[in-house]
Amino acid sequence: MRLSKYFLVTTKETPADAEVVSHQLMLRAGLIRKLGAGLYTWLPLGLRVLQKVEAVVREEMNRAGALEVLVPPQVPAELWQESGRYEKYGAELLRFKDRHQRDFILGPTHEEVITDMARRDIRSYRQLPVNLYQIQTKFRDEIRPRFGVMRAREFLMKDAYSFHLDEADLMREYRNMREAYRSIFTRIGVDFRIVKADSGAIGGDRSEEFHVLAASGEDLLAVSDGSGYAANVEAAETRPQGARGAAVAALEKVSTPTQKACEDVAALLGIPLAATLKLIVAKGRDGGLVALALRGDHVLNAVKAEKHPLVAAPFTLASDAEIRAAFGSEPGFLGPVGAKIPLVADHAAAALSDFVCGANETGFHLRGANWGRDAAEPPTADLRNVVSGDPSPDGQGKLTLVRGIEVGHIFQLGRKYSEAMHMTVLDEAGKEIVPEMGCYGIGVSRIVAAVIEQCNDAAGIVWPEPLAPFRVIVCPIGLEKSPAVKQAAEKLYEELAAAGVEVLLDDRGLRPGPMFADADLIGIPHRIVIGDKGLANAQFEYKRRGAAEPAMIAAMAQAVLERIKIAA
């Protein structure tokens, strides 16, 4: 491709509304243009990258035995009403009426549509298992779209859905998809992790996320330094701790007139924050309240708490008025001693001895409190976010917290949708059974941004070879002034193209500085500079994107092809 004929518009300025590196570089490099909040047009260069991601995903899904389909993005609301998600999904679900005043949605995901299709056409066990996938635009009415295509209202997604006679076969396909996803991200060429995750609004019994590691990632991941264990902090587990220390200190009430937060109490008393205990009061499943005890330096994990049988779902904090009625104290001075509502302690909180907690009296805390002696022994549960240094749940090593960008998610849905939508098939004995389902999603457009977040430098994008929009850029110096340079550039361009190499010829007549800056900004992996000085010695200048210095190679296409092969 000749750049003089290509629609490439690059800029030096960083757009004011672009917060993260990928958004900045995608705009500056001319990959995308903003149409509206969370809506982007993919320009030719960006579309080439997007299609390369799509091709890798399609190839690996086909290799894994999945079958491609394409369903409408417009979905009759009645299907979502049937599954129970129409009201539960929330404001992100983009709802509209057609001219006949019938309710529709723009699909953020397509479990209901695929299940409806399957229940119409799959009748016998002989038709199972089957895995159907599509690569299609999805819509989510984000309240605050941000980070460019990373969190947009409209995005390209690969979503797959499998149907099975039993749980064992679902597990087989889940593992198959897990390996397919591993192959996809390995081929793309990024540093990624597979992490245990919460299933969220889609539901199901087991799920794992695929994260590209990047400092800008919205998700916090817990990774073991001694094994392959990794989990989203929402799902990372903590275990019961060792034996509790003996109760030594006497119980003492101390004045804390304005100190409500554990940090302030610890500072006032000159003790470690980890020696304090706090109560978080939430709505109970029985309609009352329940107190959740945590160490002062730990953070409640609402996802875990909501799964406890005493806690109401969705997780809801008690109001200040409800707390005052239950404890006779203002919030900020609560503790387990004398508490009159059910209480569950996090494992780490239950291991405390001689701790400081609220006295259930406004303006006071208790020093030297102990479970069993001063407060009833509590039932325990995993209620908190893990922190760096926690033991890995698999018993191997300790956890470290890193940032990741979620680009894939696989679920074992079980019978959540097939049962709700009354899908049945006949088994070998002629008996009607409800199939098991799996769901497997990849954010195709999000991958482009995630890769840039991980693969960039001060000059621009550093594409992994499989995703680069073009593999080689030929940069002739003095193209219009030197017949020798022009002839050599045209010859090399034609020979590389004939060899099947995706090559750009920068024939715009720019000076070397702006020409090289554009090449680095758009991230072309290999740069060939052709000038009179080099040709006098029968040489081209070769530079790998990101390399410190260029090298001189023989002025022939074969030398370029050999260098590219070595570099790749």
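User: Buried means under 20% relative accessible area, exposed over 50% and partly exposed in between, with a 1.4 Å probe and protein chains only. What is the relative accessible area of cysteine 439?

Analyst: This is a predicted model, in which local features need pLDDT of at least 70 and side-chain atom pairs count only at pLDDT 80 or more, while totals for chains, interfaces and linings use all residues. Residues are numbered from 1 along each chain as its sequence is written, and side-chain values use heavy atoms, with hydrogens and water left out. Cysteine 439 counts as buried because its relative accessible area is 3%.

User: How far away is the nearest cysteine sulfur from cysteine 357?

Analyst: A disulfide is taken as a pair of cysteine sulfur atoms within 2.5 Å, and by this rule the count comes to zero disulfides. Cysteine 357 is accordingly in no disulfide, the nearest sulfur being that of cysteine 262, at a distance of 9.5 Å.

User: What is omega for the cis peptide bond from alanine 313 to proline 314?

Analyst: Proline 314 lies in the loop between helix H8 (302-306) and helix H9 (320-327). The bond that reaches it from alanine 313 is cis, with omega near 5°.

User: What is phi of glutamine 101?

Analyst: Glutamine 101 is found in the loop between strand S5 (94-97) and strand S6 (103-106), and it counts as exposed because its relative accessibility is 54%. Although glutamine 101 is a residue other than glycine, its phi is positive, near 65°.

User: What is the relative accessible area of histidine 422?

Analyst: Histidine 422 lies in the loop between helix H11 (416-420) and strand S21 (425-426), where it has a positive phi of about 55° although it is not a glycine. Histidine 422 is exposed because its relative accessible area is 64%.

User: How many of the 11 residues of helix H12 are buried?

Analyst: The buried residues of H12 include Val444, Arg446 and Glu453. Helix H12 (residues 444-454) is largely enclosed by the rest of the structure, because the buried count among its 11 residues is 10.

Conventions
Helix = DSSP H or I, 4+ residues; strand = E, 2+ residues; numbered from the N terminus.
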